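Me: I have just opened this structure and would like to understand the words used for it. Could you take me through them?

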Amino acid sequence: ELYELKSKYTLNKAGIIPALMKELGKAAKEDSSILKTRRGICASSGVVRGKARICLTFEESNKLEEGEILVTYGTDFDFMNAIVKSKGIITEEGGILSHASVISRELKKPCIIAFKGITKVINDGDLIEIDAEKGLVTILEENKIKKEIKLPIGMYSLNDDVEACEVGNKAYNLRELYKLNCNVPTAYFLGISFFEKLLRDQDKYEDYVMYAKDLCKYKNKIYDLIDSVNISHDLFKDILDFENNTYAVRSSSPNEDSDNKSFAGQYITELFCNSMDFTINSIKKCWKSLLGVGLDGYTDESNDAIFGGIVIQRMIAADFAGVLFTKHPGSNNKDCMIIECCKGVASKLVDNRVVPDRYYINQETLEVIDSLAKNKIADGIIKELATIGKNLEKAYGCDVDIEWACEGGILYLIQCRPITT
């Protein structure tokens, strides 16, 4: 196949020009089972995990984000920017003296070369591990976000650019984490326009607005109205997979996760939604809680939203989960990070239903200073968490509060917000 295509194109110094690479990329996908038996050649040692980015042309290489793993046929000078930003490199072609091999060794990035068929197995956004000690590539989690599906008005995926005023701060921050190449579980957002359209289509909008203006008087009426709204199963049938997953339904108010108020625990979150009816009922519960009934003493006059967003996110069957603060919230000591965690999901920790394990981390060295822990978590996980915290603090420009979960040694970020204490 390669020989036949080469005859159609002029070769440059680096070999096949991008047009040829693009045409080769049209070949049929290979089954991922080949990864169990096939190996590449280790050109630069190391083991890393990250999201894959398939780059068959120079133009595609410009789309690679910081910390992604570059997967390509081969590289030349045009790919330098992508190589520098990447966490590791996998190529189908090349030898241990080729461009990708030499540059990766100079930059001390793991690199596997001559891995036949890799560009036809890996997809953009797959979470993968490259073991450049053994020449192995493993798909840890496939990218399940379905780009080809047209979502209803007001519904968004992690791939979509969103505004906080439409989807709320929690959803907006998740999208920002995803853009920063963090490992975020598959999620969909219901924006304010989603709920406005539902109400208008069912001639309930005017009543809703009237009730929302006087919640002390009309609380029960607006709750009954929300219960009466028909949210069709068809809206979610193409994106939610209850055979293989359960979901968390979370509020995403324009008020919460802000610079000065977290609204921690003030709105409803429903976990382990395992059916369409359960999920839709959970959406309505979160919708009611977004009205903020009973929060008058906590909110301020500017927090008068009558709508909010909602996040529907794949549940992680966590071995451990918890919260990371990038500074000590009691002493405001910026030299000390704190990680608290427990077995299973983090809701037990944040709802005060368990005494958590606690780790104190030096902000500079990322080493554990002290710990109070019954359940030993691998040092590598703690250090990886601390590294993530330090990087996100830099990206956000402030101290951050991160909720995380760990399943099978893989870290997932559930949410991130500024520290407010």
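This is a predicted model: local features need pLDDT of at least 70, side-chain atom pairs count only at pLDDT 80 or more; totals for chains, interfaces and linings use all residues.

Me: What makes the largest nonpolar core a core, and which residues touch the most other members?

Reply: The largest nonpolar core has 37 residues, and Leu 190, Phe 195, Tyr 208, Phe 236, Ile 283, Trp 287 and Ile 310 touch the most other members. Such a core is a set of buried Ala, Val, Leu, Ile, Met, Phe, Trp, Tyr and Cys residues joined through side-chain atoms within 4.5 Å, where buried means under 20% relative accessible area (1.4 Å probe, protein chains only). Residues are numbered from 1 along each chain as its sequence is written, and side-chain values use heavy atoms, without hydrogens and water.

Me: Which residues is Phe 236 in contact with, leaving aside neighbours within four places in sequence?

Reply: They are Met 155, Leu 190, Phe 194, Ile 231, Met 276, Ile 280, Ile 283 and Ile 312; contact means heavy atoms within 4.5 Å.

Me: Why are strand 10 and strand 13 said to stand at the edges?

Reply: The open sheet has five strands in the order 10-11-14-12-13, with antiparallel pairing. Strand 10 (155-157) and strand 13 (269-273) each have a single partner strand, so one side of each lacks a neighbour in the sheet. Strands are DSSP E runs of at least two residues, numbered from the N terminus.

Me: How do you know that strand 12 and strand 13 pair?

Reply: Pairing takes at least two DSSP bridges, and these strands have three, in the antiparallel sense. In one of them, Tyr 247 has Cys 273 of strand 13 as its partner.

Notes
Buried means under 20% relative accessible area, exposed over 50%, partly exposed in between (1.4 Å probe, protein chains only). Helices (H or I, at least four residues) and strands (E, at least two) are DSSP runs, numbered from the N terminus.
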